[in-house]
Amino acid sequence: MDSIIVKGNGPLSGQIPIAGAKNTCLKLMCASILSEEPLTLTNVPRLSDVKTLSALLESLGIEVGRLNDGRTLALSASNLTSSLAHYDMVRKLRASFNVLGPLIGRTGEAIVSLPGGCAIGARAVDFHLAGLEKMGAKVELKDGYVHASGDLVGTEVEFPFPSVGATENIMCAAVLAKGTTVIRNAAREPDTQALADCLIAMGADIEGAGTETMVIRGVDGLHGTTHRVITDRIELGTYMTAPGIAGGEIECIGGRRDLLEAFCVKMEEAGLEITETEKGLKVRHPGGRLKAVDVTTAPYPGFPTDLQAQFMAMMCFAEGTSTLEETIFENRFMHAPELIRMGANVEVSGGTAKVTGVEGLKGAPVMATDLRASVSLILAGMAAEGETQVNRVYHLDRGYEQLEEKLSALGATVKRVEGS
Ligand code: UD1
């Protein structure tokens with residue numbers, strides 16, 4: 001298994017391109033099921049998650065054409081041959097559960113493996129299933145699979161929590177349903193808004209995306225379109241913490257502050273300077289030590305849970321004690337014990353971590369447990385004394401395109417070592 005070796009190499013400088021958003025792209029790919037005509041996606045990130053979902057879509061009969069070195073995907077669902085999303089595929093990528101809404105919406109039938117738990121929490125899918133049942137689907141769980149069938153009819157679906165995946169699944173199911181669906185307490189994430197924009201461009205009738213209430217009036221069919229995947233705000237936020245940890249000044253090309261306002265406010269409270277430029281966002285460490293700040297993760301527009309690990313890595317070096325509260329996933333501090341192995345002072349109690357900044361960390365062999373935890377260890381290693389070896393880095397390839405190349409271009413020493 002590959003590992004990544006990171007060495008502290010002083011302050012960073014230079015430009016870093018931000019790719020298209022993984023989470024948006026995956027849901028757009030699922031949405032291609034809804035139309036007989038091709039959906040062409042541009043600014044596609046080159047990630048293993050995109051390959052995994054492409055394979056699943058191909059198993060349903062969708063033609064996936066890769067153009068422009070994989071940056072453009074042409075997805076044609078003119079000839080769907082299967083409604084079965086197999087466990088072997090779904091277990092590798094939870095987001096593939098989002099074929100459920102499009103499949104039942106288009107064909108009236110879907111058999112999709114339950115995704116099972118994952119490292120950061122149980123991640124139930126009860127809201128997805130209750131929403132479909134409310135729309136008139138017959139939903140049964142058999143042998144680890146969801147069997148959903150029936151002609152969907154618009155209704156009111158209210159989520160107990162603004163789940164991103166459930167909002168997207170129900171939105172996709174509703175676009176071809178009979179009548180009007182109202183989603184209350186909908187997720188407002190930019191990814192969800194981008195999915196609605198794409199569906200609207202395909203002929204869907206959706207109002208209120210990006211607000212708590214979405215109104216979707218069913219239409220008879222969708223047509224094809226070409227859609228550009230938005231900037232990955234989590235990749236952007238990840239690289240924005242890099243100068244917060246290693247010092248220096250970087251420019252994130254394609255970065256947009258409006259995608260990450262709550263995060264930017266906390267970065268500035270910590271002492272970083274953020275400037276909007278013609279090409280993106282500049283982040284500058286003013287020198288000295290950053291200030292400890294408290295963070296509570298929340299659904300959009302709050303502080304993203306997907307940036308909590310990276311922010312913790314930054315707080316490990318700050319002056320004072322910061323309290324990081326995780327409210328979205330129940331088990332999302334697995335990076336903490338690894339950071340502690342590097343000399344960090346972190347105490348975790350339930351959903352809260354107290355991080356008291358130290359003068360410096362020491363490199364150590366550490367284990368990556370999930371995508372965002374992995375990158376937080378690499379970031380921490382960039383300012384640690386000596387060498388940090390991050391093992392099990394396949395997680396990183398799911399969500400960070402050319403991470404070593406991008407960080408190396410800023411002056412960091414980050415190398416991949418191929419394992420057996
Ligand atoms: C998506 C993102 C993930 C991000 C998360 C929160 C993708 C591929 N992944 O995940 O990167 O961290 O949003 O911003 O887009 N829940 C239930 N029942 C349900 C659905 C969710 O209890 O039916 C709970 C989950 O267990 C979790 C919380 O709701 O505690 C939020 O989950 P959700 O917003 O659905 O996250 P995902 O869509 O899985």
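Which helices each supply at least two residues of the shell around the ligand? They are α1 (22-31), α5 (126-134) and α6 (164-175), where helices are DSSP runs of H or I of at least four residues, numbered from the N terminus. This is a predicted model, in which local features need pLDDT of at least 70 and side-chain atom pairs count only at pLDDT 80 or more, while totals for chains, interfaces and linings use all residues. Residues are numbered from 1 along each chain as its sequence is written, and side-chain values use heavy atoms, with hydrogens and water left out.

**Shell around the ligand**
- The ligand is surrounded by 19 residues, of which D126, F127, S163, D306 and I328 are the closest, a residue being near if one of its heavy atoms lies within 4 Å.
- Helix α5 gives the most to this shell, with 3 residues.

- Oxygen atoms of the ligand lie 2.7 Å from a polar backbone atom of F127 and 2.8 Å from a polar backbone atom of V164.
- For I328, a backbone N or O atom lies 2.5 Å from an oxygen atom of the ligand.

- T192, found in helix α7 (residues 190-201), is buried, with a relative accessible area of 2% (buried means under 20%, with a 1.4 Å probe and protein chains only).
- The side chains of T192 and E168 make a polar contact at 3.1 Å, that is, a pair of N or O atoms within 3.5 Å, of which, within protein, one must be able to donate a hydrogen and the other to accept it, and residues adjacent in sequence count only if both atoms are side-chain atoms.
- Leaving aside neighbours within four places in sequence, T192 is in contact (heavy atoms within 4.5 Å) with V164, T167, E168, M171 and A187.

Notes
Buried < 20%, exposed > 50% of the residue type's maximum accessible area, 1.4 Å probe, protein only.
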